[in-house]
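I opened this entry to keep track of what I looked up in one structure. My notes follow in the order I made them.

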Amino acid sequence: GVNGRAERHSDFSMCSAMAQLTVKNTFLHFQEQQQLPTRSKSAPCLLTQVVQVGTFPERSQEWTSVMLRNVPSNFTRDMLLQVLVREGFGCAFDFLYLPLHFNHMACFSYAFINFVSGEAAERFSSQFTGFCRWGVDTDRVAEVCWSSKCQGLEAHIERYRNSPVMHKHVPDICKPIILSNSKRVQFPAPTEGIQRPSFRGRRRRNQGFCGR
């Protein structure tokens with residue numbers, strides 16, 4: 001959906017090339033990152049810093065938020081939600097965000113999920129690392145890593161409640177959701193005025209991204 005060009009999301013870095021890739025505790029761990037001007041079509045790589053469990057020096061609370069990568073580009077939030085429920089995680093998570101492109105309504109092939117416990121996050125990582133039962137015609141193989149930008153439900157709420165993605169003119173399918181016992185609940189109200197995003201001007205950097 002980005003026409004072969006590398007577009008930078010303000011919260012994520014391109015990482016088509018990685019050095020010294022290892023897998024520990026079922027989570028990806030990259031010891032070095034290198035930015036490239038393009039990315040592989042078979043492995044979309046818009047992501048936050050990827051870290052191994054326990055490598056952050058200040059881990060004062062349980063980590064529960066993960067990033068799911070290589071989601072099929074034609075997936076919607078509701079399709080991903082159905083997969084999570086089908087795979088036995090219906091009541092195990094309370095936050096889900098699948099960023100979509102405003103202009104194309106195609107996802108960027110990654111999602112953020114917060115689980116109700118660290119154990120549930122670990123179980124998800126074990127089950128979805130190498131996952132390919134998407135229910136659509138695709139060769140995408142899932143990868144899972146910790147989200148280093150936000151950990152926990154409250155952190156995600158504070159990150160997005162005032163974001164342009166929550167503006168009233170943004171289609172609901174583009175928005176992050178929070179859940180309780182697998183039922184969607186109302187997202188907390190913004191604490192300040194929300195800027196209306198632009199749905200046009202594709203040539204401008206970051207135009208068309210849902211969220212930031």
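This is a predicted model: local features need pLDDT of at least 70, side-chain atom pairs count only at pLDDT 80 or more; totals for chains, interfaces and linings use all residues.

**Entry 1**

Residues are numbered from 1 along each chain as its sequence is written, and side-chain values use heavy atoms, with hydrogens and water left out.

I then looked up what makes an aromatic pair. A pair of aromatic rings is described by the distance of the centres and the angle of the planes. Rings of Phe, Tyr and Trp (its six-membered ring) pair if their centres lie within 6.5 Å; planes under 30 degrees apart count as stacked, over 60 as edge-to-face and the rest as tilted. I get 14 aromatic pairs by this rule. In one of them, Phe93 and Phe115 are edge-to-face, with 6.4 Å from centre to centre and 70° between the planes.

Why is the pair of Phe95 and Tyr160 called stacked? Their ring centres are 6.0 Å apart and the planes meet at 20°, so the pair is stacked. Phe95 is in strand β6 and Tyr160 in helix α3, so this pair ties together parts 65 residues apart in sequence. I also found the charged end of Arg159 over the ring of Tyr160, 5.9 Å from its centre; the rule asks for NZ of Lys or CZ of Arg within 6 Å of the ring centre and within 35 degrees of the ring normal.

I listed one aromatic cluster, formed by Phe75, Phe89, Phe93, Phe115, Phe124, Phe128, Phe131 and Trp134.

**Entry 1: the chain and its sheet**

I counted three helices and 10 strands in the protein chain. Helices (H or I, at least four residues) and strands (E, at least two) are DSSP runs, numbered from the N terminus. Of the 212 residues, 49% count as buried.

In which order do the strands of the open sheet lie? The six strands are ordered β8-β5-β7-β6-β9-β10, with antiparallel pairing. Strands β8 and β10 are at the edges, each pairing on one side only. Two strands pair if DSSP finds at least two bridges between them.

With β7 (residues 110–115), β6 pairs in the antiparallel sense over four bridges. Phe93 has Phe115 of β7 as its bridge partner, and Leu96 stands opposite Ile113 in β7. With β9, β6 is joined by two bridges, again antiparallel, and there Leu96 stands opposite Ile177.

**Entry 2: the core**

In soluble globular proteins, nonpolar side chains tend to be buried together. I used this rule: a nonpolar core is a set of buried Ala, Val, Leu, Ile, Met, Phe, Trp, Tyr and Cys residues joined through side-chain atoms within 4.5 Å. The largest one has 46 residues, of which Leu68, Leu80, Phe93, Ile113, Phe115, Phe124 and Phe128 touch the most other members. Strand β7 gives the most to this core, with five residues.

I followed Leu80. Leaving aside neighbours within four places in sequence, Leu80 is in contact (heavy atoms within 4.5 Å) with Leu68, Phe75, Leu96, Leu98, Ala111 and Trp134.

**Entry 3: one loop**

Most residues other than glycine have a negative phi, and most peptide bonds are trans. I looked for exceptions in the loop between β9 (177–180) and β10 (183–185), where Asn181 is found. Asn181 has a positive phi of about 55°. Ser182 lies in the loop between β9 and β10 too, and its phi is near 70°.

Is Asn181 buried or exposed? Asn181 is at 58% relative accessibility, so I count it as exposed. Ser182 is partly exposed, at 32%.

Conventions. Buried means under 20% relative accessible area, exposed over 50%, partly exposed in between (1.4 Å probe, protein chains only).
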